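The following exercises ask the reader to work through a structure step by step. Each task is followed by a worked solution.

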Amino acid sequence: MNFPPNYHLNLTDLQIKNHFPNLRKGENFKFTSLGTDDYNCIAWASEITDNWVQLYDLRGTKTDAVSYVNYFKSLGFDITTDKTVEEGKLKIAIYIGTEHLEHEFKHVARQLPNGKWTSKLGEWEDIEHNTPEALAGKSYGENIVIMEKLI
Amino acid sequence: MSDYIDHKTNWGRCYTNNSKNVDSFHWNLEPEHGRSTISVMDIVSVKKPLYEVLQPKTKPSNNWIIKYYISPYRVSELEFQFNELAAKWKAETGLFSLDRDKVNDTFLDLISLGKEIVPFILKDMQKPAGAARWHIALKALTKENPITNEDLSNSKLVKEKWIKWGKEKNII
């Protein structure tokens with residue numbers, strides 16, 4: 001993307017080192033937007049750019065992975081093991097952290113028609129990355145569940 | 001060439017040795033009267049300070065010429081602490097999409113500074129790149145909550161409602 005004057009990047013070299021050890025600048029990802037808190041990764045999985053989507057219960061924000069898998073099931077997705085790009089199918093990758101006792105939802109990426117993946121990194125930038133594994137690590141977790149739906 | 005600061009104009013330059021990108025950083029000075037902060041700007045965003053600080057006092061190792069200025073406004077010890085922790089918190093949790101993931105040790109350190117930091121938070125929310133997700137800290141510090149769960153999906157509204165609350169309380 002062409003950056004406007006006075007831009008500011010949140011995903012700096014230092015942040016890549018701290019959070020995404022598999023990301024390689026100029027090799028396996030590129031920036032596709034600047035940071036914004038208008039939307040998050042869950043919204044971006046559905047191409048929504050004006051909503052910060054979270055699930056809630058009486059205690060506040062839900063964090064368990066099952067709730068988010070079920071949320072995407074309610075949108076028509078089913079779990080698959082095939083992460084290759086297929087015509088007529090939209091695929092997402094859900095990242096699950098196991099830092100605490102329960103499996104926690106950490107992130108979701110959406111597959112693009114070119115087979116690469118697009119991610120909104122919290123309040124930070126959107127990036128296009130070559131594989132789901134490029135974002136795996138201690139921050140987003142090592143476990144990735146692929147889901148797909150017919151489009 | 002060496003780094004220098006022109007105290008008349010508050011502008012200065014530092015020269016670094018590496019050739020790739022400039023990582024964000026800042027330095028702290030402790031002049032004779034109070035403590036000043038230096039906001040460092042990268043070569044592209046000349047007018048925009050970089051806020052994240054994970055390795056203070058670490059210079060980027062580039063051939064870039066970094067322009068920076070010393071803010072003429074002296075910050076209190078509390079604001080200085082807030083700025084440090086806020087930058088650290090954003091660097092640690094900005095990548096997460098769930099509010100619960102933003103509650104980490106640094107967040108607790110911020111909260112432990114007490115409700116005197118509420119004006120600094122509201123000021124930060126007014127910046128163009130201000131984080132809407134400050135609402136969890138504001139709720140904890142003020143024991144008030146002008147927003148509903150439905151509002152939480154609209155970051156602009158979250159910021160507007162808290163800033164309005166701050167103005168009504170004469171905090172900002």
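## Exercise 1: A helix of chain B

The buried residues of H1(B) pack against helix H1 (13–19) of chain A, and also against helix H2 (105–111) and helix H3 (118–125) of chain B. The model is a predicted one.

**Task.** Determine which residues of H1(B) are buried, and check what the 17 residues of this helix should span.

**Solution.** 
1. The buried residues of H1(B) are B:Glu79, B:Phe82, B:Leu85, B:Ala86, B:Lys88, B:Trp89, B:Lys90, B:Ala91, B:Glu92 and B:Thr93.
2. Helix H1 of chain B covers residues 77–93, and at 1.5 Å a residue it should span 24 Å.
3. The end C-alpha atoms of the helix are 24 Å apart, which agrees with that expectation.

## Exercise 2: The sheet of chain A

**Task.** State in what order the seven strands of the open sheet in chain A are arranged, and which strands stand at the edges.

**Solution.** 
1. The order is S1-S8-S7-S6-S5-S9-S4, with antiparallel pairing.
2. S1 and S4 of chain A stand at the edges; each has a single partner strand, so one side of each is left without a neighbour in the sheet.
3. From one strand to the next, the twist averages 35 degrees.
4. Strand S1 (residues 29–31) pairs with strand S8 (residues 126–129) of chain A over three antiparallel bridges. Within this pairing, A:Phe29 has A:His129 as its bridge partner, and A:Lys30 has A:Glu128.
5. Strand S7 (residues 117–120) and S8 of chain A are joined by four bridges, again in the antiparallel sense, with A:Ser119 opposite A:Ile127.
6. S6(A) and S7(A) run antiparallel and are joined by two bridges; here A:Gln111 stands opposite A:Trp117.
7. S5(A) pairs with S6(A) over six antiparallel bridges, and A:Ile96 stands opposite A:Phe105.
8. Strand S6 (residues 104–111) of chain A is largely enclosed by the rest of the structure, because seven of its eight residues are buried.

## Exercise 3: Two hairpins

**Task.** Identify which glycine has a positive phi in the hairpin of S7(A) and S8(A), and which one does in the hairpin of S6(A) and S7(A).

**Solution.** 
1. Five residues lie between S7(A) and S8(A), and A:Gly122 in the turn has a positive phi of about 60 degrees.
2. Five residues also lie between S6(A) and S7(A), where A:Gly115 takes a positive phi near 90 degrees.

## Exercise 4: A helix across the sheet

**Solution.** 
1. In helix H3 (residues 65–74) of chain A, the buried residues are A:Ala65, A:Tyr68, A:Val69 and A:Phe72.
2. H3(A) lies across S4, S5, S6 and S9 of chain A, at about 170 degrees to S5(A).
3. After the helix comes A:Gly76, with a positive phi near 105 degrees.

## Exercise 5: A loop residue

**Task.** Decide whether A:Lys83 is buried, exposed or partly exposed.

**Solution.** 
1. A:Lys83 belongs to the loop between strand S4 (78–80) and strand S5 (89–97) of chain A.
2. A residue counts as buried at 20 or more other C-beta atoms within 10 Å, and as exposed at 12 or fewer.
3. A:Lys83 has 18 such atoms within 10 Å, so this residue is partly exposed.
4. Leaving aside residues up to four places away in sequence, A:Lys83 touches A:Lys91, A:Ala93, A:Pro132 and A:Ile146.

How values were computed: Residues numbered from 1 in each chain as written. Chains lettered and ligands numbered in written order. Predicted model: local features only at pLDDT ≥ 70, side-chain atom pairs only at ≥ 80, totals over all residues. Contact = placed C-beta atoms within 7 Å. Expected span 1.5 Å × (residues − 1). Pairing = 2+ DSSP bridges. Axes fitted to C-alpha atoms, helices over the stretch in contact; angles between N-to-C directions.
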